[in-house]
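Hi everyone, thanks for coming along.

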Amino acid sequence: MEKYIFYVLALIMIISAIASVSSRKMLRSVVYLLFVLIGIAGIYFMADYNFLAAIQLTVYAGGIIVLIIFSVLLVHHIDMELEVAKKSKRIITALASLIGLGVFLTTIYSHPFVETTTAVTTTTADIGFALLSTEAGGFILPFEVISILLLAVMIGAIVIAKGEDDTEEEPKEPPIVKQEEPVEKKKELLENEVTV
Amino acid sequence: MIPGISITEILTLTSILFFIGIYGFITRTNLISMLISVEIILNSTVINFVIINKYLYPELLQGVVYGIFIIAVAAAETALAVAIIINLYKQISSVEVKETETLKY
C-alpha cells in the first residue's frame, strides 16, 4: 500500500516540478512549487518523521510560499507572461541536466547500500534533546548560531526592503539651474530691447 | 523506513528533482523564478539527508538535525532574496536578470 502511495507522490512531485520550472505564468509556477513541497512533506510522513513533516508544512507551505506569492503580486503584473530562454539554450541545458542525472543514477545504483531493517521511531523529544545537548555530538552551538543568523537576516531584510528614500542633496541643485536660465533670458531680452 | 521502497528509488526521485531545479535555474530569466528553482534544489537535498539517516543509521539523529538547519537557512535566504528583489524593483522597476547590470559601487 505504501508503495503505491509513494509512486503517486513521486509522480505528482516530478510533474509539478517540471510544470513549475516551465510554466509561463508566474503565479501558477508558485502554486506548482506548493504541490512539490506538500509532496515532500508526504514523504517525510511516510518515513515516520512527523516533526520534520510538520516543519516542512509550516515553514515552506505556510511561510515561504506566502512570501513568494506576496513578492510576485507586488512586483509582477498577473497578465504578463514570462520570457522564455532561447530554444538552443533550453536544449543544451536539458541535455547537460540529463547527463548529470545519468552520472548520479549510475553512482547511486552501483553503490552497495547496506539498509538496516530495524524501524526506530524518532520522537520530537529526541530531536529536542539532540538540539540542546552540550555533550559530544550535541547541536547546541549550531542551534545558537542559527538563532543569531535568523536575527541578522530579520534586521537585514527590513533594512534592505525599506531602502533609502531621503536624499537631501538633490533638491538644492535644480533651483539654481532654473534661476540661471530666466536671468540670462531677461538679459537677452533687455539687450534686444536696447538694440531695438 | 517506507515498506516496500528501497533507498535507491528515493534517491532517484531526489536526483530527478535536483536536476529539474538546475534546469529551471539556468533557463529562467526572472529573479523570482530562479528563487523558486533554488527552493526545489534545496528541498531535494534535504530529502537526501533525511532518507539516508532513516535507511542507513536509524538510531542516529544527525540527518534530521541537519535537515532542520537547512530548512532554517533556506527560510533566511528566501526572506533576504525577497527583500533584495523588492528593493531592486523600486529602483529599476524590473526583476529581469538582463536588466540588473549595475552594482552600487
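Predicted model: local features only at pLDDT ≥ 70, side-chain atom pairs only at ≥ 80, totals over all residues.

Leaving aside residues up to four places away in sequence, Ile32(B) touches Met26(A), Ile68(A), Ser71(A), Val72(A) and Val75(A) in chain A, plus Ile85(B) and Val95(B) in chain B.

Val95(B) brings me to another residue that touches it, Leu88(B). You'll find Leu88(B) in helix H3 of chain B. Is Leu88(B) buried, exposed or partly exposed? Leu88(B) has 18 C-beta neighbours inside 10 Å, so it counts as partly exposed; being buried would take 20 or more. Thr100(B) is twelve residues from Leu88(B) along the chain, and their C-alpha atoms are separated by 8.2 Å.

Now let's look at where the two chains meet. How many residues does each chain bring to the contact? Chain A puts in 70 residues and chain B 62 residues. On the chain A side, two or more residues come from each of helix H1 (2-22), helix H2 (26-46), helix H3 (50-75), helix H4 (87-110), helix H5 (124-131) and helix H6 (140-162). By residue type, that side of chain A splits into 51 nonpolar, twelve polar and seven charged.

Next, chain A by itself. The domain assignment divides chain A into domain 1 (1-82), domain 2 (83-113) and domain 3 (122-162). Taken over C-alpha atoms, the centres of domain 2 and domain 3 of chain A are 34 Å apart.

Last, the annotation. An unreviewed UniProt entry marks residues 6-23, 30-47, 53-78, 90-109 and 139-161 of chain A as "transmembrane region". How do two of these stretches look in the model? Residues 6-23 of chain A are 94% helix and 0% strand, with 25 Å between the end C-alpha atoms. For residues 139-161 of chain A, the figures are 96% helix and 0% strand, and the end C-alpha atoms lie 32 Å apart.

That's my tour, and I'm happy to go back to any part of it.

How values were computed. Residues numbered from 1 in each chain as written. Chains lettered and ligands numbered in written order. Contact = placed C-beta atoms within 7 Å. Helix = DSSP H or I, 4+ residues; strand = E, 2+ residues; numbered from the N terminus. Nonpolar A, V, L, I, M, F, W, Y, C, P; charged D, E, K, R; others polar. Domains from an automatic or database assignment. UniProt positions renumbered as here; feature names shortened; annotations may be inferred. Buried ≥ 20, exposed ≤ 12 C-beta atoms within 10 Å, placed from the backbone.
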